[in-house]
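Subject: Structure handover

Hello,

Here is the structure for you to look over. My notes follow below it.

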Amino acid sequence: MIKQIATVAIYVEDQDAALQFWTEKIGFKVYRDQPMGPQGRWIEVGPENVQTRLVLYPKSMMPNWEELKPSIVFECEDIQGTYERLSANGVKFLDEPKKMQWGTFVQFEDPDGNRFVLKG
């Protein structure tokens with residue numbers, strides 16, 4: 001029986017730049033950073049005390065990366081505060097948080113142009 005989602009891969013050009021973005025700007029913790037051959041490393045990051053993590057996977061090792069866009073929503077308790085903190089850290093948001101019937105959301109981009117959603 002499946003218990004959880006372990007990892008979700010996002011495809012990045014520069015693993016060091018992606019690692020810096022997710023740890024320094026977003027505030028995620030590094031759970032694993034191991035060599036994966038000469039072309040890259042297996043890097044897992046995520047919020048503190050979670051079981052599901054992002055893998056910062058090198059595009060150079062995934063020939064069809066353009067077809068594999070992530071669709072990830074991060075839930076947070078204080079979306080306005082999170083938006084303000086991440087904006088101050090230099091995270092590029094596509095707009096300001098918008099209230100909808102199902103909750104408040106806002107999209108942001110990583111340095112590779114992958115888009116993610118914050119939901120409150």
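UniProt, in an unreviewed entry, lists residues 4-120 as "domain: VOC". UniProt positions are given in the numbering used here, feature names are shortened, and annotations may be inferred rather than shown by experiment. The end C-alpha atoms of residues 4-120 lie 22 Å apart. The span is 18% helix and 39% strand. Helices (H or I, at least four residues) and strands (E, at least two) are DSSP runs, numbered from the N terminus.

This is a predicted model, where local features need pLDDT of at least 70, side-chain atom pairs count only at pLDDT 80 or more, and totals for chains, interfaces and linings use all residues. Residues are numbered from 1 along each chain as its sequence is written, and side-chain values use heavy atoms, with hydrogens and water left out.

The open sheet

4 strands form an open sheet, in the order β1-β4-β3-β2, with mixed pairing. Two strands pair if DSSP finds at least two bridges between them. β1 (7-12) and β2 (29-35) are the edge strands, and each pairs on one side only. From one strand to the next, the twist averages 25°. The angles run from 0 to 180 degrees between N-to-C directions, and the axes are lines fitted to C-alpha atoms, for helices over the stretch in contact.

β2 pairs with β3 (residues 41-46) in the antiparallel sense, over 6 bridges. Arg32 stands opposite Glu44 in β3. Glu44 also meets Arg53 in a side-chain salt bridge (3.3 Å, N to O). A salt bridge here is a side-chain nitrogen of Lys or Arg within 4 Å of a carboxyl oxygen of Asp or Glu. Glu44 is buried, at 6% relative accessible area. Arg53 is partly exposed, at 23%. Buried means under 20% relative accessible area, exposed over 50%, and partly exposed in between (1.4 Å probe, protein chains only).

Asn49 sits in the loop between β3 and β4 (53-58). Its phi is near 60°, a positive value in a residue other than glycine. Asn49 is exposed, with a relative accessible area of 71%.

The nonpolar core

Which residues touch the most other members of the largest nonpolar core? They are Trp22, Leu56, Phe74 and Phe108, out of 24 residues. Such a core is a set of buried Ala, Val, Leu, Ile, Met, Phe, Trp, Tyr and Cys residues joined through side-chain atoms within 4.5 Å. α1 gives the most to this core, with 4 residues.

Take Phe74. Leaving aside neighbours within four places in sequence, its contacts (heavy atoms within 4.5 Å) include Trp22, Leu54, Phe108 and Phe116.

β5 and β9 pair in the parallel sense, over 4 bridges. Val73 stands opposite Val117 in β9. β8 and β9 run antiparallel and are joined by 5 bridges. Val106 has Leu118 in β9 as its bridge partner. The hairpin of β8 and β9 has 5 residues between the strands, and there Gly113 takes a positive phi near 85°.

Salt bridges

The structure holds 10 salt bridges. One of them joins the side chains of Lys59 and Glu13 (3.9 Å, N to O). This pair links distant parts of the chain, 46 residues apart. Lys59 is in the loop between β4 and β5, and Glu13 is in the loop between β1 and α1. Lys59 is buried at 10% relative accessibility, whereas Glu13 is exposed at 60%. Glu13, Lys59 and Asp112 are linked in a network of salt bridges.

Best wishes
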